[in-house]
Amino acid sequence: APTEVLASQHASGIRSLLGSLAHAGTLLDAASTRNDQRDVEGTEVVLLTGSARSAQRREALDAIATNRAGLIVGTHALLEESVEFADLGLVVIDEQHRFGVEQRAALARRAPEGTHPHVLVMTATPIPRTVAMTVFGDLDVSTLTEVPAGRAQVNTHVVDPRTQPAHLERLWQRAEEEIRAGHRVFFVCPRIDAHDADSEADSEADSEAGEHKPPVATVEGVYEEAQMRLPDAHIAALHGRMSGQEKDAVMSGLANGGVDLAVSTTVIEVGVDVPDATMMVVFDADRFGISQLHQLRGRIGRGTLPGVCLLVSSAIPGSPARQRLDAVAATRDGFELAQRDLEIRREGDVLGGSQSGVRSSLRLLRVVEDADVIVEARVMAEELLAEDPSLSTQPALRAAIAQLDAEQAEFLDKS
């Protein structure tokens with residue numbers, strides 16, 4: 001998993017599901033009938049993250065290397081060379097778009113020599129390259145097209161502070177109402193404080209639009225304003241500079257009611273499950289992409305309480321930035337948003353490691369416009385390989401494949 005918060009939640013959830021089986025040793029299978037009792041093997045569930053203390057880390061590494069741990073949950077810490085897997089049979093990568101191709105391949109290479117683990121990659125985020133690789137058929141794909149049972153409706157609106165000042169004022173009133181009702185609220189900002197330099201992408205976007213934008217919203221600034229406007233609320237900041245313990249304390253407060261409003265960066269993008277969260281406000285929302293906004297919105301409406309998501313932005317109507325926001329406001333369908341994102345950002349380099357769509361090694365083909373051609377070509381390729389695996393009857397095609405350089409061939413094999 002990409003974050004410690006998410007990894008910890010996964011480990012806790014797995015242990016809860018397994019119950020007594022989440023411990024190494026032989027146990028009596030309680031599900032068996034009295035006439036057919038049998039012993040079953042439990043297994044240790046190990047959590048390994050970057051912030052693990054030395055003693056915890058040594059214990060986890062030993063459990064992984066000796067095969068005492070049958071289930072291992074972790075962050076990027078699992079990619080380190082010091083982690084030795086006794087017998088790796090299955091790799092599950094959650095929020096796969098947060099990992100590079102090389103990182104995903106690194107775990108698969110840890111299996112015993114001559115074997116290859118099963119690999120399952122998961123994402124709920126619309127991201128162009130994932131869609132492109134799906135269209136090309138490099139993966140067997142399962143799609144969950146329905147919102148999980150029990151989830152409430154979430155309405156999304158774009159608020160322009162220049163033309164809708166009354167709506168901006170109403171935003172704070174609505175936050176107070178939600179808090180008084182016992183619900184949780186998230187305010188998301190692009191920056192932690194004024195010292196955070198704008199990213200190169202932000203600067204380029206501003207330059208292309210020819211706009212002079214007001215200062216970017218920061219966690220520090222919005223936190224101070226929230227304290228003044230909502231004096232009775234329990235407000236906490238949440239961002240990447242905080243320690244793991246500080247983050248956990250805020251997350252626990254959101255879960256148990258100790259925190260009403262979290263003013264945060266995108267650290268809450270994944271791994272935050274607060275059923276009582278009903279309101280999400282994203283300041284300077286044009287600074288985020290479609291996939292991030294879709295993920296952020298997914299932090300609310302996770303229980304039976306309906307939610308509202310407000311995207312605050314001064315982006316000019318009709319501009320690419322405003323089109324992104326309007327697309328997110330128009331639908332909660334991740335597949336539809338993925339298609340829109342793909343149209344805007346392109347498919348990336350399907351024969352290389354580039355994740356963005358700036359350059360593509362495809363010269364005539366375009367993933368969005370030519371999806372039908374790609375599917376037809378895949379079917380023809382499968383039929384041809386079934387009849388002639390060595391391509392002995394197709395010398396031109398065989399020669400074209402031979403011309404792929406080693407990097408392209410290796411990349412396609414990893415993907």
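This is a predicted model: local features need pLDDT of at least 70, side-chain atom pairs count only at pLDDT 80 or more; totals for chains, interfaces and linings use all residues.
Select residues 219-229 to see the helix itself, then pick out Val219, Val222 and Ala226, which are buried. Look down the axis. These residues lie on the same side of α7, because they cover an arc of only 70° around that axis.

Stay on α7 and show Glu225 and Arg229. Both lie in this helix, 4 residues apart, which is about one turn. Their side chains meet in a salt bridge, at 2.9 Å from N to O. How exposed is Glu225? Glu225 counts as partly exposed, at 28% relative accessibility. Arg229 is also partly exposed, with a relative accessible area of 33%. Side chains of opposite charge can pair when their charged atoms come close.

**The nonpolar cores**

Next, select Phe186, Leu254, Ile268, Met280, Val282, Leu293 and Leu311. These belong to the largest nonpolar core, which has 30 residues, and they touch the most other members. β7 (154-159), β8, β9 and α8 (244-256) each supply at least two of its residues.

Centre on Ile268. Which residues is Ile268 in contact with, leaving aside neighbours within four places in sequence? They are Phe186, Val188, Leu238, Met280, Leu296 and Arg299. Phe186 and Met280 are, like Ile268, among the core residues that touch the most other members.

In soluble globular proteins, nonpolar side chains tend to be buried together.

Zoom in on Met122. This residue lies in the loop between β6 (118-121) and α4 (128-136). Met122 is partly exposed, with a relative accessible area of 33%.

The structure holds 14 salt bridges. One of them, Glu225 with Arg229, you have already seen. For the next stop, centre on Arg68. Arg68 counts as partly exposed, at 27% relative accessibility.

Which partners does Arg68 have here? Glu59 forms a salt bridge with Arg68, and their closest N and O atoms are 2.6 Å apart. Asp62 also meets Arg68 in a salt bridge, at 3.0 Å from N to O.

**Last stop: Glu84**

Finish at Glu84. Where is Glu84 found? Glu84 sits in the loop between β4 (69-74) and β5 (90-93). Glu84 is exposed, with a relative accessible area of 53%. Draw a C-alpha to C-alpha distance from Glu84 to Ile64. The two residues are 20 apart in sequence and 6.8 Å apart in space. Not counting residues up to four places away in sequence, Glu84 touches Ile64 and Ala65.

Notes: Residues are numbered from 1 along each chain as its sequence is written. Side-chain values use heavy atoms; hydrogens and water are left out. Buried means under 20% relative accessible area, exposed over 50%, partly exposed in between (1.4 Å probe, protein chains only). The arc is that of the directions from the helix axis to the C-beta atoms. A nonpolar core is a set of buried Ala, Val, Leu, Ile, Met, Phe, Trp, Tyr and Cys residues joined through side-chain atoms within 4.5 Å. Contact means heavy atoms within 4.5 Å. A salt bridge is a side-chain nitrogen of Lys or Arg within 4 Å of a carboxyl oxygen of Asp or Glu.
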